[in-house]
There are 2 protein chains.
Amino acid sequence: MTLTVPVLRDITEPNSLLAARLRTIFRQHNVLVLDIIASPGAGKTALLERTVAGLGRELRLRVIEGDPTTSIDAERIVAAGAPAVQINTGAGCHLEAGMIQAALDQLDLADADVVIIENVGNLMCPTGWDLGEDCKVVVASLPEGDDKPLKYPMAFATAQAAVINKVDLEPYIPARAARLRQNALTINPDLAVFEVSCQTGAGLAAWFDWIRTQLGRKRGSRPV
Amino acid sequence: MTLTVPVLRDITEPNSLLAARLRTIFRQHNVLVLDIIASPGAGKTALLERTVAGLGRELRLRVIEGDPTTSIDAERIVAAGAPAVQINTGAGCHLEAGMIQAALDQLDLADADVVIIENVGNLMCPTGWDLGEDCKVVVASLPEGDDKPLKYPMAFATAQAAVINKVDLEPYIPARAARLRQNALTINPDLAVFEVSCQTGAGLAAWFDWIRTQLGRKRGSRPV
C-alpha cells in the first residue's frame, strides 16, 4: 500500500474556489459587486448611506455589512432605504467567500443591480480575500493622514478605486487630499480616485457615475 | 503500538512563552513597556512624538515601530529625539514577541526607562498577541466615530488605557468625545481614558502623568 501525504498548497484556495463560484452566480444575475475596504471609521457606512440616497431610486442596491460585532451598520443602511444583511465576524479580521455565500441566502439577487459588501474595518487583512467581487474599493479618510498609501500599500494596490473621504476637514488638519491622491497613484497608477465628503455631500456625483459605468461595462453596454 | 495524535491546543503559545521571557527581561531592567494599538492614522506616532517631547528630558524613552513597510514612523521618532527601531511586517497584520526580541538587539535596555511599542495600524489583530508589555494602550481618534468601542470591543477590553485623539476636530464632526469615552468605559470600566489633541497639545499632561505613575508602580515606589 502506498501512502501519500496530502499537502495543502494554499490554504486560501478553498476561498478562491468558492469566490469563483460566487462570481459566476453574480454574472448570471447581471449584478455588479463591490468590496469596500478601509480602516475602522474611514466612513465606509457613511459612503454607503450617501450611495443609497443618491442611487437608490435609479438602481436596486443591496448591502452586506461585515463587523466584529453589533448590527449598527446594517441598521443604518436599512434606515437609508436599502436591504442589508449584517455579518458578525467575532474575532475574525476579514470577510471570506463562505460568509458572502451565507449572506446571499438573505438577499434576492434576481431583484438587484448592485451588491456592495462593506468589509470589516481593517486596511490589511481583507485585501487578500477574494469575495467574488468585480472591484475592490479602498476608502481612506483624510484625517488618517496622507501617507497611508505608502505605509499600507496592499489595499491601494489591489483596489480599482479609492475614495478619499472627509475632505471637508482639510482646513483643520495637516493632511492634504492632493498628496493622498498622489501617494495612492504612486502605489497604483490605474486607480480611479474620488475626493468626497460624506458629511457635506461634496464630490459624490463622480463616485455615483463610476458605479453606473462599472455596471454598464459589466452588462456590456455603455449606459445602464 | 499505540498511536497518539499531537494536538496543538493554542497556536499562539510559542508567542506567549517568548513574551513571558521578554517580560522577565524587562523586569530585570526595571523598564516599563507599553504596547500601543490603534487603527491606521489614529495618531499613534503623533502621540509618541508628543510623548518624546514632553517626557524625553525626564525619562529615557525607547520606541519600537511596527509598520507593513517604510521607516517613516521611526524616522519621525528619531527626529523627535528618541532612539527608535523600525520593524517592517510586510503582509503581517500585527507584531509578535519574536519581532520584539529581534528589535531589542538594537536597543540598550540598561540605558532605558520606558519602551513604547507602536503596533501595526490595526484595531483587531494585535489585541491577541502578548509582547511582554506591562500595559496595552488603545488610541482612538475622534473622527473615526464615537461608536468604535462598541464595534471593535477587543482592543478596548484588553487595554489598560485609552487615548482619545484629535479632540480639536470635535466642532467640525458629528462624533463626540464624551460619547466615545462612555462607550469605551461600557466595554471596560477599568480603562484610564485621556482626551487629547496631538495637534494642539491639549490634554497630554494627564497622559504623561499616567506613564510616570505606571513606571513608579513597576519600580515599587510612588514617584519615579
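How many helices and strands does chain A have? Chain A has 8 helices and 7 strands, where helices (H or I, at least four residues) and strands (E, at least two) are DSSP runs numbered from the N terminus. This is a predicted model, in which local features need pLDDT of at least 70, side-chain atom pairs count only at pLDDT 80 or more, and totals for chains, interfaces and linings use all residues. Residues are numbered from 1 along each chain as its sequence is written, while chains are lettered from A and ligands numbered from 1 in the order in which they are written.

**View 1. Chain A as a whole.** Let us start with the overall dimensions. Along its principal axes, the C-alpha trace of chain A spans about 75 × 40 × 40 Å. Of the 224 residues of chain A, 50% count as buried. Here a residue is buried if 20 or more other C-beta atoms lie within 10 Å of its own, exposed if 12 or fewer, and partly exposed in between, with C-beta atoms placed from the backbone. Among contacts in chain A between residues at least 6 apart in sequence, 73% join residues at least 24 apart; a contact means that the C-beta atoms of two residues, placed from the backbone, lie within 7 Å.

**View 2. The open sheet of chain A.** In chain A, 7 strands form an open sheet with parallel pairing, in the order 3-2-4-1-5-6-7; two strands pair if DSSP finds at least two bridges between them. Strand 3 (84-88) and strand 7 (192-195) of chain A are the edge strands, each pairing on one side only. From one strand to the next, the twist averages 20°, with axes being lines fitted to C-alpha atoms (for helices over the stretch in contact) and angles running from 0 to 180 degrees between N-to-C directions. Zooming in, strand 2 (residues 61-67) and strand 4 (residues 114-118) of chain A pair in the parallel sense over 5 bridges. In strand 4 of chain A, A:Val115 is the residue that A:Arg62 stands opposite.

**View 3. Strand 5 of chain B and its partners.** Strand 5 (residues 135-141) of chain B is mostly covered, with 6 of its 7 residues buried. Strand 1 (residues 32-38) of chain B runs parallel to strand 5 of chain B, and 5 bridges join them. One pair to look for is B:Leu34 with its bridge partner B:Cys135 in strand 5 of chain B. Strand 5 of chain B also pairs in the parallel sense with strand 6 (residues 161-165) of chain B, over 5 bridges. There, B:Asn165 in strand 6 of chain B is the bridge partner of B:Ser141. As you follow the side chains, remember that in a regular strand they alternate between the two faces of the sheet.

**View 4. Where chain A meets chain B.** Across the interface, 29 residues of chain A are in contact with 29 residues of chain B. Helix 5 (148-151) and helix 6 (153-158) of chain A each supply at least two residues of the side of chain A that touches chain B. The largest share of that side, 3 residues, comes from helix 5 of chain A. By class, the side of chain A that touches chain B has 15 nonpolar, 8 polar and 6 charged residues; Ala, Val, Leu, Ile, Met, Phe, Trp, Tyr, Cys and Pro count as nonpolar, Asp, Glu, Lys and Arg as charged, and the others, Gly among them, as polar. A rotation of 180° with 0.0 Å of shift along its axis superposes chain A on chain B (RMSD 0.0 Å), which is the relation of a two-fold axis. The superposition is by least squares on the C-alpha atoms of residues with pLDDT of at least 70 in both copies. Because 100% of the interface residues of chain A are also interface residues in chain B, the copies meet through the same surface.

**View 5. A:Thr69 and its contacts.** A:Thr69 sits in the loop between strand 2 and helix 3 (72-80) of chain A. Leaving aside residues up to four places away in sequence, A:Thr69 touches A:Asn88, B:Lys151 and B:Pro153. A:Thr69 is partly exposed, with 15 other C-beta atoms within 10 Å.
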